[in-house]
Amino acid sequence: MKEIPNLDELLNSFIDGELAPRQHTEVQRLLAHDEKIAQRLDELQQCKMFLSSMPVVEAPPQILENVKASLARRTLLGEEPSAFDEQIGARHLLGRKLFAAAAMLGLVAVLAAVVYSIVAPTIPQGPIAAERKSMPATIDLAEPAPVIVVAAQFSGRLELQTNTLPAVVGFINRAIEENVPSDEWIASDQKEIREPHSLICSSESFNLLLARLDDIWSKLDSATLFVDTEVFGRKVVVEAVTADQIAGIVNQDDSTRRIEVARDFAVLNNIAEHLPGREILTAIDNTTVGLIIPPKPVLTSNHKTTTKVPSRTGADKNIHLTITVTDSK
Amino acid sequence: MTEVANINLDDAVLVRQCWQGDSAAIERLILKYQNRIYNVILKICADPDDAAELTQDTFVKIIENIENFQGRSSFYTWAFRIAVNLTLNYCRRNVRIGFSSLDAEQVPNNSQPGRLLKELLSDDSSLDPAVVAQDNELCQILVESLKKLDDAQRAVVVLRDIEGMNYNQIANVLDIELGTVRSRLSRGRKKLRQILEAILQ
């Protein structure tokens, strides 16, 4: 017998029919020419037959019932969660993660909006209007027709306190006379200085008046503006208000926006009141009392300083303001 | 070939029904394969009680994992892979199987199983396999002889000569190379013959 490597493997594969046709033919040729190889093949075939002849034993009949019982027990006791349960759990976990991520994003978005509303500068209305005016005509044609916005009516009360009551009242009366048409205000009696001034005037007149009143603001001990809201009896109170702030509030076209601005100023002024070091600032401000303040320019011509402002139509008179001046003493 | 294809088609349909939670399909799968799986496990572990329990564990594992069955292999080889892996793990834990003495199971030549075995191992044997199957004592000798093989060889021999799998299916079930199947089968059969000859002496 020739020495053939892996002869047993070759013969076993031959017995099991696992050889390629060419190898099968080769083994058949070997078997025909070598008795020992043929004898070895018989031995291996006997062994195979030996095992194949073993009877098939039937499985115990209770296997099916036992499998059912085992599955039921595992499900009840939760010993080993099924793959299906694991998939459901994984889906639940994924859903919760996604929900948490969405909630986080929403929270960040809300916070960002809040921060932006606080930090972002207010875009002034004027420049926008100017930019629109400077736009090319072709673009204007493409845009919708401009909407004329009638300024909403402002209604409120301004309470002033001073320790130089006569001077302040006199100044206010003069300012009103000079800047507001006579039919737009009801002046208080000079003697009854506690009587309020009731103004129903246009924003143009009011702005002139405010510019004039700004000169006596330093003589006021307090200035509080009460802005009426759409809810009857509810007002926005802006303490320590300045003339600029009043102008900023009153000149808003939209009543909602006007109330928002008033609230912002109220908060700002309140914060400024409670800022640390305010006493120092006040002390520093007081040092300016003794300084030389250049007098404001005064007209020296023959023209009267007071010009009668022409009367306006009722539609323009959108400022309803009551001014009261009291003695702080 | 057609029959095999039909069996596989049936399995695929049953598996799909199992995915849909059809308990009747699960029962049909168990009834279809319980005898074959039980026999393979019994020949590998050589204990009827352990074989019954391992068969039961196999089906529990099959049902619990049937959602994960991707169909890359046939259900038949997938199920047998679970069965053989469980059984081989069990055998590794119970190493007593491999240490029983050959001397304890020597059979006298003049006994019925001894004569049958001698006839089987003779060069010009013409023994009818049905006769072997009917002799319980001889069958027990064969089972005990199989126990002398190491686990890896025993699994290959059982899957080929008792379950009747081809080499590719054995390679799939045991997750080994085709060449490894050939070599293990060759060594296993050779060793089995040596064991049987030793029993007769």
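**Entry 1: a loop residue**

In which loop of chain A does Gln252(A) lie? I found Gln252(A) in the loop between α10 (243-250) and α11 (255-274) of chain A. Before going on, I noted for myself that this is a predicted model. I then asked what Gln252(A) touches beyond its neighbours within four places in sequence. Leaving those neighbours aside, Gln252(A) is in contact with Arg257(A), Arg258(A) and Val261(A).

**Entry 2: α1 and α2 of chain A**

Next I went to helix α1 (residues 7-15) and helix α2 (residues 21-33) of chain A, whose axes come within 10 Å and cross at roughly 110 degrees. That angle makes α1(A) roughly perpendicular to α2(A). I noted the crossing of α1(A) and α2(A) as left-handed. Which residues meet here? From α1(A) I listed Leu10(A), Leu11(A) and Phe14(A), and from α2(A) their partners His24(A), Val27(A), Gln28(A) and Leu31(A). Sorted by class, the contact of α1(A) with α2(A) has five nonpolar residues, two polar ones and no charged ones.

**Entry 3: α1 and α3 of chain A**

I kept α1(A) in view and turned to α3(A): the two pack at an angle of about 60 degrees, with their axes 10 Å apart. α1(A) and α3(A) are therefore oblique to each other. In this pair, α1(A) passes α3(A) in a right-handed crossing. On the α1(A) side I wrote down Leu7(A), Asp8(A), Leu11(A), Asn12(A), Phe14(A) and Ile15(A). They meet Ile37(A), Arg40(A), Leu41(A), Leu44(A), Gln45(A) and Lys48(A) in α3(A). By class, I have seven nonpolar, two polar and three charged residues for the contact of α1(A) with α3(A).

**Entry 4: salt bridges of Lys48(A)**

The structure holds 21 of them over all chains. In one of them the side chains of Lys48(A) and Asp16(A) meet at 3.1 Å, N to O. What does this pair tie together? Lys48(A) lies in helix α3 (residues 35-52) of chain A and Asp16(A) in the loop between α1 and α2 of chain A, so the pair links parts that are 32 residues apart in sequence. I also found Lys48(A) in a salt bridge with Asp161(B), at 3.5 Å, N to O.

**Entry 5: where chain A meets chain B**

I noted 37 residues of chain A in contact with 47 residues of chain B. How much area is buried between the two chains? It comes to about 4000 Å², of which carbon and sulfur atoms give 61%. On the chain A side, Phe50(A), Leu51(A) and Met54(A) lose the most area to chain B, together 17% of what that side buries. Across the interface of chain A and chain B, the rule finds five salt bridges.

**Entry 6: a helix pair in chain B**

Last, I looked at helix α2 (residues 23-45) and helix α4 (residues 75-93) of chain B, which pack at an angle of about 35 degrees with their axes 10 Å apart. Their crossing is right-handed. Among the residues making the contact are Tyr33(B), Arg36(B) and Ile37(B) of α2(B), and Phe80(B), Thr87(B) and Leu88(B) of α4(B). By class, I have 16 nonpolar residues, one polar and one charged for the contact of α2(B) with α4(B).

Methods
Residues numbered from 1 in each chain as written. Chains lettered and ligands numbered in written order. Predicted model: local features only at pLDDT ≥ 70, side-chain atom pairs only at ≥ 80, totals over all residues. Heavy atoms only, no water. Axes fitted to C-alpha atoms, helices over the stretch in contact; angles between N-to-C directions. Helix = DSSP H or I, 4+ residues; strand = E, 2+ residues; numbered from the N terminus. Parallel < 35°, antiparallel > 145°, perpendicular 65-115°, else oblique. Left-handed = near helix turned anticlockwise from the far one by under 90°. Contact = heavy atoms within 4.5 Å. Nonpolar A, V, L, I, M, F, W, Y, C, P; charged D, E, K, R; others polar. Buried area = accessible area lost by both parts, 1.4 Å probe. Salt bridge = Lys/Arg side-chain N within 4 Å of Asp/Glu carboxyl O.
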